[in-house]
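I opened the notebook to record what I looked up in this structure, going from single residues to the chain as a whole. The entries follow in the order in which I made them.

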Amino acid sequence: MTGVKSQGVSLGIRIKDSAGETFQLKFDPLHWPEMATGADVVVSHLIWAAGYNTPDNAIVGFTRDDLEPAAGATYNDILGHKRPITMATIDGSSP
């Protein structure tokens, strides 16, 4: 994990895979899997079919163990303070 999504209303993170490719992940509400992300994928494909440039959105699955904070990765808390991304941050147990 290299950072957190800083714009928009949905929770998201930036990750880099083992090949060095960067991706942005957005999440659904806990009890409604694929509610927002499913709509996002469908609409982006419809807009692309109409001839517009859109991101190549897809639904993916992974486990918590697949995430590891990158060295030096940070995020800005709600007060704007830069904080390191740790395993506790990923687990949601740090501010």
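**Notebook entries**

I began with Leu-79, which counts as exposed because its relative accessibility is 65%; here buried means under 20% relative accessible area, exposed over 50%, and partly exposed in between, with a 1.4 Å probe and protein chains only. Before going on I noted that this is a predicted model, in which local features need pLDDT of at least 70 and side-chain atom pairs count only at pLDDT 80 or more, while totals for chains, interfaces and linings use all residues. I also noted that residues are numbered from 1 along each chain as its sequence is written, and that side-chain values use heavy atoms, with hydrogens and water left out.

I then placed Leu-79 in the loop between β4 and β5 (82-84), where helices (H or I, at least four residues) and strands (E, at least two) are DSSP runs numbered from the N terminus. From C-alpha to C-alpha, Leu-79 is 19 Å from Ile-13, and 66 residues of sequence separate the two.

**Asn-76**

I found Asn-76 in strand β4, and it counts as exposed because its relative accessibility is 51%. Which residues does Asn-76 touch, not counting those up to four places away in sequence? I listed His-81 and Lys-82 for Asn-76, a contact being heavy atoms within 4.5 Å. Ser-18 is 58 residues from Asn-76 in sequence, and their C-alpha atoms are 25 Å apart.

I looked up Thr-63 in the loop between α1 and β4 (74-76), and its 46% relative accessibility is why it counts as partly exposed. Its C-alpha atom is separated by 24 Å from that of Gln-7, which is 56 residues away along the chain.

Is Thr-89 buried or exposed? I recorded Thr-89 as buried, because its relative accessible area is 18%, and placed it in helix α2 (residues 87-91). Between Thr-89 and Ala-49 there are 38 Å in space, C-alpha to C-alpha, and the two are 40 residues apart in sequence.

**Glu-34**

I marked Glu-34, in the loop between β3 and α1, for its positive phi of about 65°, although it is not a glycine. I set beside this that most residues other than glycine have a negative phi.

**The largest pocket**

I read about 710 Å³ of space in the largest pocket. A pocket is an open set of points, on a 1 Å grid over the protein atoms alone, with protein on both sides within 12 Å along at least five of seven lines, and lining residues have an atom within 4 Å of a point. The volume is the space filled by probe spheres set on the points. Of the 23 lining residues, Leu-25, Lys-26, Thr-37, Ala-58 and Val-60 are the closest to the pocket's centre, and the elements that give two or more residues to the lining are β3 (22-26) and α1 (35-49).

**The chain as a whole**

I counted 2 helices and 5 strands in the protein chain, in the order β-β-β-α-β-β-α along the sequence. The C-alpha trace spans about 40 × 30 × 25 Å along its principal axes. Of the 95 residues, 21% are buried. Among the contacts with a separation of 6 or more, 21% join residues 24 or more positions apart.

How values were computed
On a 1 Å grid over the protein atoms alone, a cavity is a set of points where a 1.4 Å probe fits but cannot get out, and a pocket is an open set with protein on both sides within 12 Å along at least five of seven lines; lining residues have an atom within 4 Å of a point.
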